[in-house]
Amino acid sequence: MSTPDAASVRAGWRGVLIYCLLAYGLAWLVCLPLWLGGGLTNPLFGIVGIAMMFCPAIASVIVVRFIERQPLVGGLDLKPRASALRTLVFLALAIATIWLVVLLGLVVSAIWGGFQFDLVGMSAFRQLLEQQMEAAGQPTPDMPIRVLWLLQFVNVAVASVLNFIPAAGEEIGWRGYLFPRLRELVGPTGAVLLSGVIWGLWHAPLILLGYNYPANPGLGVLAMCVPCIGLGALLAWLSQRGGSVWPAALGHGAYNAAVGGFLVLFADADYTFDSFTDSVMGWASWPIWLIIVVVLLATRQLSRASRPASQAPQPASPIVP
């Protein structure tokens, strides 16, 4: 791989800076109605949250098309480069890997004395099921509770797939655009750390309103950066090895589905969730993210270019092969 000249490096940083300004600016603009009134209780919260997830994709399209002047498909890693079989394998691996990490987060939290499992009584799941049946005015199903519990994994899988679309709105920007550019500019280690921090801080418009870390929104913005560094590295690996941005998008969707879904499936009903300490969101799981990042970097899994030479930006563009 040739070394970029000074002009290409400056152009590369210019594209990254414009992308970040657009991604952040659009996110704050979309969330403005929540800040003007109601916060997370605003009726528009659900719509705003989904709309915010598309801001990175919009920013990346603008930069690639009008700043870098690159084709969108190649410039954002949208076209699968791997065989159909390999793509399917990594789509499945995306769900399996993310689910495993989320479950490990609960286990580590429990070891630290935070999260409380109830695999025998399934009390949190029972409580939620009773509440839902009561709200719907229906009796509790006659099906054995253990069967109903197992079926919830199907619901989490379906939610993972449904989350794929809004998650793609983020991943096209973070893993399709930002990570490959930063890797060319500062190398794999710098790209993992810098893109993770940028991604974590990008969540500020919602976190400062009490989302994710309601006990302390200010510290929550900083705390969000740690899982974003680790998860970002894992999603970058899925994208690179899977041959496109789509495994990362499905992995992101699976993460969003499993973080909440697994709490219901595994928690004790009397347990009070603390996002600062418990699950993959809390500090108890930081060793998991550290191990993931170290292993991926030490084995050079993130060192290769994410797109073939034929799709890489040409020497006259901001990023060079």
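**Close-up 1. The second largest pocket of this predicted model has a volume of about 260 Å³.** A pocket here is an open set of points on a 1 Å grid over the protein atoms alone, where a 1.4 Å probe fits, with protein on both sides within 12 Å along at least five of seven lines. Lining residues have an atom within 4 Å of a point. Grid points are joined across faces, edges and corners, and a volume is the space filled by probe spheres set on the points. The lining includes F125, L128, L129 and Q132. Also among the lining residues are Q152, N155, G260 and G261. Helix 6 (123-135), helix 7 (145-162) and helix 12 each give two or more residues to this lining. Helices are DSSP runs (H or I, at least four residues), numbered from the N terminus. By class, the lining holds 7 nonpolar, 5 polar and no charged residues. Ala, Val, Leu, Ile, Met, Phe, Trp, Tyr, Cys and Pro count as nonpolar; Asp, Glu, Lys and Arg count as charged; the others, Gly among them, count as polar. Residues are numbered from 1 along each chain as its sequence is written, and side-chain values use heavy atoms, with hydrogens and water left out. The model is predicted: local features need pLDDT of at least 70, side-chain atom pairs count only at pLDDT 80 or more, and totals for chains, interfaces and linings use all residues.

**Close-up 2. The largest pocket has a volume of about 760 Å³.** Its lining comprises 30 residues. M53, Y211, N212, M224 and N256 lie nearest the pocket centre. Helix 2 (45-53), helix 8 (164-202), helix 11 (225-242) and helix 12 each supply at least two lining residues. The lining divides into 20 nonpolar, 9 polar and 1 charged residues.

**Close-up 3. D278 sits in the loop between helix 12 (246-266) and helix 13 (286-298).** D278 is buried, at 3% relative accessible area. Buried means under 20%, exposed over 50%, and partly exposed in between (1.4 Å probe, protein chains only). A polar contact of 2.4 Å links the side chains of D278 and Y271. Such a contact is a pair of N or O atoms within 3.5 Å; within protein, one must be able to donate a hydrogen and the other to accept it, and residues adjacent in sequence count only if both atoms are side-chain atoms. Beyond four places in sequence, D278 touches S109, G114, F115, Y271, T272 and F273. Contact means heavy atoms within 4.5 Å. The C-alpha atoms of D278 and L290 are 16 Å apart.

**Close-up 4. C31 and C228 are shown with their nearest cysteines.** The count of disulfides (pairs of cysteine sulfur atoms within 2.5 Å) is 0. The closest cysteine sulfur to that of C31 belongs to C55, at 7.5 Å, so the two are too far apart for a bond. For C228, the nearest cysteine sulfur is that of C225, 6.7 Å away. C31 is buried, at 0% relative accessibility. C228 is buried too, at 3%.

**Close-up 5. T87 lies in helix 5 (residues 84-111).** T87 is buried, at 12% relative accessibility. Leaving aside residues up to four places away in sequence, T87 touches P80, A82 and G242.

**Close-up 6. S303 belongs to the segment after helix 13.** S303 is partly exposed, at 24% relative accessible area.
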